[in-house]
Amino acid sequence: MTELTISGNESSQRLDKFLKKYMDLAPQSFFYKMLRKKNITLNGKKASGSELLKEQDTVRLFLSDETIRSFQSGKTGRAALLNEGNSLDPRRILYEDKDVLIYNKESGLLVQKSAPEDVSLTEELLTYLIREGAVNPESLRAFRPSPVMRIDRNTSGIVLCGKTLTGLQILSEWIRERRIRKLYLAVTEGIPSSFGIIRCAVRKDHRRNTVHLRRLKEEEEPARGEELCMSSFRLIAKGHGYGLIEAELLSGKTHQIRAQLSLLGSPILRDVKYGSKSAVHGPDGYKGQLLHAWKVIFPKDLEGLPELCGRSFEAEPPEAFRNIMKQYFLLDGM
């Protein structure tokens, strides 16, 4: 018999979801059969699997160790432990408490893997938390800390991460409800034709991994099969035919800022996918588009994570990005 005591990270989820994470190779029908036969119990009683777990609940598995191991892939947590050298850089951590971590991601790093051999911010986060003793491989079977927002591989800057289930759920809700302001810096080829709030209809081309936009009139709504895409743009500086733009996301669509600035006649410098005439690799060593997730602002009236209420965090752009700002706009930084 194996007895599992529910921790804070494992609470507030359904029992069947918890069991599936603990024995990830087992079919759902196995759990329901074991629950019916009382081979799996909750707090010593028969359970259906739909119960919401609470901290200090006890789940008992009247199963052999061999049966349990046969339904566990062994990948959760162990991969992060073996991923030597791939951990978060502590110097890039902008903020950390027991529930949340805010990180300044470097350009070129994926937030989540797109292929098994990839290294991503998600794995680096797990490795960091394991080394710090915040999680262990066994606890990762029930809950995996992870980023709650994505930015493109070649976009640098702020990524919010949930270290606990509470942090992950609350941050995800705030992002979904558009309660966190997210501001970006972009260097553009030329100056956009419009500023302020830009409303577009967007369609995604999955084959090419691009999006197609069309500008919407003030009262116009997207057509069937399209989605609404909105950003607010402000000119910070201009010089030598380039613009330094502050962009605020008002919706969260793929490649939103990149595609909208291209639509406005000023693609982001080195963003060849959306019309930049410059090479992806610049002579300064910077690879990819000149787009940086610069700032997040948390309103004062948020509930659930009081340490973040009313606060804002800024991520310094990469050195090559700052050098370009200085060269084109005589700015040392933001």
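Which residues does Phe298 touch, not counting residues up to four places away in sequence? I started there. The model is predicted, and I kept that in mind throughout.

**Entry: the cores**

I listed the contacts of Phe298. They are Ile102, Leu160, Leu171, Trp174, Ile180, Leu308, Cys309, Gly310, Arg311 and Phe313, with residues up to four places away in sequence left out. I then looked up the largest nonpolar core. It has 74 residues. Leu160, Leu171, Phe298 and Leu308 touch the most other members of this core.

**Entry: aromatic rings**

I searched the whole structure for aromatic pairs and found eight. I took Phe18 and Tyr22 next. Their ring centres are 6.4 Å apart and their planes stand at 15 degrees, so I logged the pair as stacked. Both residues belong to helix α1 (residues 15-22). They sit four residues apart, about one turn of the helix. Phe18 and Tyr22 are both buried.

Then I checked Tyr242 and Tyr328. The centres of these rings are 4.2 Å apart and the planes are at 0 degrees, so this pair is stacked too. Tyr242 is in strand β12 and Tyr328 is in helix α8, so the pair ties together parts 86 residues apart in sequence. I looked up the accessibility of Tyr328: the relative accessible area is 16%, and the residue is buried.

I also followed the ring pairs around Phe298. They link Tyr95, Trp174, Phe298 and Phe313 into a cluster. Trp174 and Phe313 are also on the contact list of Phe298.

Is helix α5 largely enclosed or open? I counted burial along residues 121-131. Of the 11 residues, 10 are buried, so α5 is largely enclosed by the rest of the structure. The buried ones are Leu121, Thr122, Glu123, Glu124, Leu125, Leu126, Thr127, Tyr128, Leu129 and Ile130. I noted that the list includes Glu123 and Glu124. Gly133 follows α5, and its phi is positive, near 80 degrees.

I moved on to helix α8 (residues 319-329). Ala320, Phe321, Arg322, Ile324, Met325, Tyr328 and Phe329 are buried there. What covers these buried residues? The cover includes β8, β11 (227-239), β12 (242-249) and β13. Just after α8, Leu330 takes a positive phi of about 60 degrees.

**Entry: salt bridges**

I found 20 salt bridges in the structure. I looked up three of them in detail.

Asp16 and Arg14 meet through their side chains at 2.8 Å, N to O. Asp16 is buried, at a relative accessible area of 3%. Arg14 is partly exposed, at 35%.

The side chains of Glu96 and Lys163 form a salt bridge at 2.9 Å, N to O. This pair links distant parts of the chain, 67 residues apart. Glu96 is in strand β4 (residues 93-96). Lys163 is in the loop between β7 (156-162) and α6 (165-176). Glu96 has 32% relative accessibility and counts as partly exposed. Lys163 has 9% and is buried.

Glu314 and Lys295 join through their side chains at 3.5 Å, N to O. Here the partners lie 19 residues apart, with Glu314 in strand β14 (residues 312-314) and Lys295 in strand β13 (residues 291-297). Glu314 is partly exposed at 40%. Why does Lys295 count as buried? Its relative accessibility is 18%, and the cut-off for buried is under 20%.

I then looked for bridges that share partners. Arg203, Arg214, Glu220 and Glu226 are joined into one network in this way.

**Entry: a surface patch**

Which residues form a nonpolar patch on the surface? I found Ile191, Phe195 and Leu235. Together they have about 210 Å² of accessible area. Ile191 lies in the loop between β8 (181-189) and β9 (196-205). I checked the accessibility of Ile191: it is 35% relative, so the residue counts as partly exposed.

Conventions
Residues are numbered from 1 along each chain as its sequence is written. This is a predicted model: local features need pLDDT of at least 70, side-chain atom pairs count only at pLDDT 80 or more; totals for chains, interfaces and linings use all residues. Side-chain values use heavy atoms; hydrogens and water are left out. A nonpolar core is a set of buried Ala, Val, Leu, Ile, Met, Phe, Trp, Tyr and Cys residues joined through side-chain atoms within 4.5 Å. Buried means under 20% relative accessible area, exposed over 50%, partly exposed in between (1.4 Å probe, protein chains only). Contact means heavy atoms within 4.5 Å. Helices (H or I, at least four residues) and strands (E, at least two) are DSSP runs, numbered from the N terminus. Patches are made of residues with over 30% relative accessible area and no salt bridge: like charges are joined within 9 Å, nonpolar side chains (Val, Leu, Ile, Met, Phe, Trp, Tyr) within 5 Å. Accessible areas come from the Shrake-Rupley method with a 1.4 Å probe; for residues, only the protein chains shown count as cover. A salt bridge is a side-chain nitrogen of Lys or Arg within 4 Å of a carboxyl oxygen of Asp or Glu. Rings of Phe, Tyr and Trp (its six-membered ring) pair if their centres lie within 6.5 Å; planes under 30 degrees apart count as stacked, over 60 as edge-to-face and the rest as tilted.
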